[in-house]
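Let's go through some labels and ask what each one rests on. Take a look at the model first.

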Amino acid sequence: MKLILIFLFFTNAFIYAQLESISIDNSVYPFLRQMKIQNIISEYNDNKIPLSREDILKYLSAIEINKDKLSSQELDFFYKLKNKFNPETAPEELLKDLPETFFNKIISSNNKDFFFYKDSIFNLKANPFFGLEYIYSSQNKNNANLYNIGGNVTVNYKGWLGFYIQGSNGMVSGNREIALIEKIIKQSFTFNHTKINYFDNTEGYLKIKNDLFKIELGRERFQFGNGLINKFIISDNTQPFDFISLDLQYKFLTYNYFHGSLVQKPIIYSADTISGSGAIEYLPFSKYIAFSRFGVNIDNFNCGIGQIIIYSKRPFDLAYLNPFLFWESAQRSLNDLDNSFLSFDFTYSLISGAELNGSLMLDDFIFSKLVKNWDNIQNRYAFTSGVGLTYPLLPRNMFFAFEYNQVRPYMYSHPGGGESLTYTNNGYLLGLPILPNSIQLNFQLSYKFSKNLDMRLDYFYNLHGNNITDSLGNVLRNVGGDVLKNINWFSSPIAPLLDGELVKTQSLSLNIAFEPIYYLYLNLDYNILSSNSSHLDHLVKCSFSYNIE
């Protein structure tokens, strides 16, 4: 009977197969990860997210087989996800039969869209979204309000071709400094450079997919790498960037590639020093990232090896547009102009309810100096190791994660060129949001009270060795604590971890997420932040949003 049920689930799912990405913020991802660690499903791999609606349906169908092993809260949440991603029937159309049925459809527990069209080979949906957020800081004794509104359109043709476009505009009221606490505001060019109280965003992509590969050209928020709390290769620390990607999967083998266009802060200079007009111009230099990873996924063990290149100040390089090439060797043949990295990762489900993972990124590494000169300035690397625990080792509906992160001095930087060859996008680190010359401990505990209510507690403790500077910010001693200040002729050959001015930062935060009706999200964040001996800062964020996926 179960086999018949799964067959019907798969059959219906592929009739309405969807290529659209499900946002990295969606609650389906922590749920699938927890199901993997509980051995409810196998072969789930969140090394790269977002996943497509079609991929998520496959995992939900696998959970369907073992749904008798779920707790009541997990089972309720599973049915909620199944309703949201329901491939068996067309979504309710909110604009249809206005205004009589609008309110009832809004509060219904069904998949829905504001506008939806479907025929035998083509479907299209369009949805608006809006959000309100309130931020308060006790240290500044001030607050800010954020208002955001936008919309998106998703198109799918025959299950192999799809595209998506999204745009939004927002406004800020209240204290501008407090508004910068929110990442989207801090990284907004409109808000920071035009000095007006507005911010905007756009994302979009074109996808082609078959049973073996997926090709994408787009701009969307994605994450890559191991990590139960922070993704190691590409995290959510940076703004979205434009990329082209190729993903291959055959049985237990995977290959991922992307080539992205990054941003570096422009250089300002006086355009006419002779006449003294003092005109100011920007010099924006090109900057790119290329990444590829070969992975093996066998039962409860997953591992991979990757290569990364950062290059700039020239057009696209055909060597790095080639996914099937050893780039370290290629970049040497190109006169060694670029910054290259190697990455290694693994995930191992030790027993039911426990998962171990680890990642290592090498910039420069001299094996002969491993024992006697471990702190040699040429040994530049970062690594993370973590463990995730859930039922049956913990009470049902509970998840615990621990991560240890270490970033050696001078990691992510490169001699000369300022920001042009650093592992950053517009000044923000692409991977772990941890500066070089740092150690960080992360703890996370979450609990699902019901299908609509989740609570999460996060704690991090960070130690960072800052460069020694004078009162004007001039570097007196470089200890490798600034990604933009690299090795020079005066650098000491020894770079001990946490050397320099030691900065201790702690943060304890509580998040309560409530979804009273489908796609209506209420979030409360309370954060206590301290740095060295400074006074505690109490941050409060309250947000309200409506967003159909």
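Q: Where does Lys141 sit, and what is its phi?
A: Lys141 is in the loop between β5 and β6 (142–157). This is a predicted model, and in it the phi of Lys141 is near 50°, a positive value in a residue other than glycine. As background, most residues other than glycine have a negative phi.

Q: Why is Lys141 called exposed?
A: The cut-off for exposed is over 50% relative accessible area. Lys141 has 68%, so it gets the label.

Q: What makes Tyr519 worth a look on the phi count?
A: Tyr519 has a positive phi of about 75° although it is not a glycine. You'll find Tyr519 in the loop between β27 (501–514) and β28 (520–531).

Q: Is Tyr519 buried or exposed, and how do you know?
A: Buried means under 20%. The relative accessible area of Tyr519 is 1%, so Tyr519 is buried.

Q: Which peptide bonds are cis, and what are their omega values?
A: Among them is the one joining Ile49 and Pro50, with omega about 15°. Pro50 is in the loop between β1 and α3. Another cis bond joins Tyr391 and Pro392, where omega is about 10°. Pro392 belongs to the loop between β19 and β20 (398–407). For context, most peptide bonds are trans.

Q: How do you know what span to expect of helix α3?
A: The expected span is 1.5 Å times one less than the number of residues. Helix α3 (residues 53–65) has 13 residues, for which 18 Å is expected. The model gives 19 Å from first C-alpha to last, close to that value.

Q: Why can α3 be called largely enclosed?
A: Ten of its 13 residues are buried, so the rest of the structure largely encloses α3. The buried ones include Arg53, Glu54, Asp55, Ile56 and Leu57.

Q: What makes Lys125 and Glu20 a salt bridge?
A: The rule asks for a side-chain nitrogen of Lys or Arg within 4 Å of a carboxyl oxygen of Asp or Glu. The closest N and O atoms of Lys125 and Glu20 are 3.0 Å apart, so the pair passes. Lys125 lies in strand β5 (residues 122–137) and Glu20 in the loop between α1 (2–15) and α2 (28–37), so the bridge ties together parts that are 105 residues apart in sequence. Both Lys125 and Glu20 are buried. By this rule the count comes to 27 salt bridges.

Q: What links Lys48 to Asp247, and where are the two?
A: Their side chains meet in a salt bridge, at 3.0 Å from N to O. Lys48 is in strand β1 (residues 48–49) and Asp247 in strand β11 (residues 242–250), 199 residues apart. The cut-off for buried is under 20%. Lys48 is buried at 17% relative accessible area, and Asp247 counts as buried at 11%.

Q: What pairs with β18 over ten bridges?
A: That is strand β19 (residues 380–389), again in the antiparallel sense. Met361 stands opposite Ala382 in β19.

Q: What makes β18 mostly covered?
A: Eight of the eleven residues of strand β18 (residues 354–364) are buried.

Q: Which residues have the most contacts inside the largest nonpolar core?
A: Met361 is one of them, along with Ile233, Ile234, Phe241, Ile289, Tyr412 and Tyr423, in a core of 26 residues. Another core, of 22 residues, lies apart from it and includes Ile24 and Phe78.

Note on methods
Residues are numbered from 1 along each chain as its sequence is written. This is a predicted model: local features need pLDDT of at least 70, side-chain atom pairs count only at pLDDT 80 or more; totals for chains, interfaces and linings use all residues. Side-chain values use heavy atoms; hydrogens and water are left out. Helices (H or I, at least four residues) and strands (E, at least two) are DSSP runs, numbered from the N terminus. Buried means under 20% relative accessible area, exposed over 50%, partly exposed in between (1.4 Å probe, protein chains only). Two strands pair if DSSP finds at least two bridges between them. A nonpolar core is a set of buried Ala, Val, Leu, Ile, Met, Phe, Trp, Tyr and Cys residues joined through side-chain atoms within 4.5 Å.
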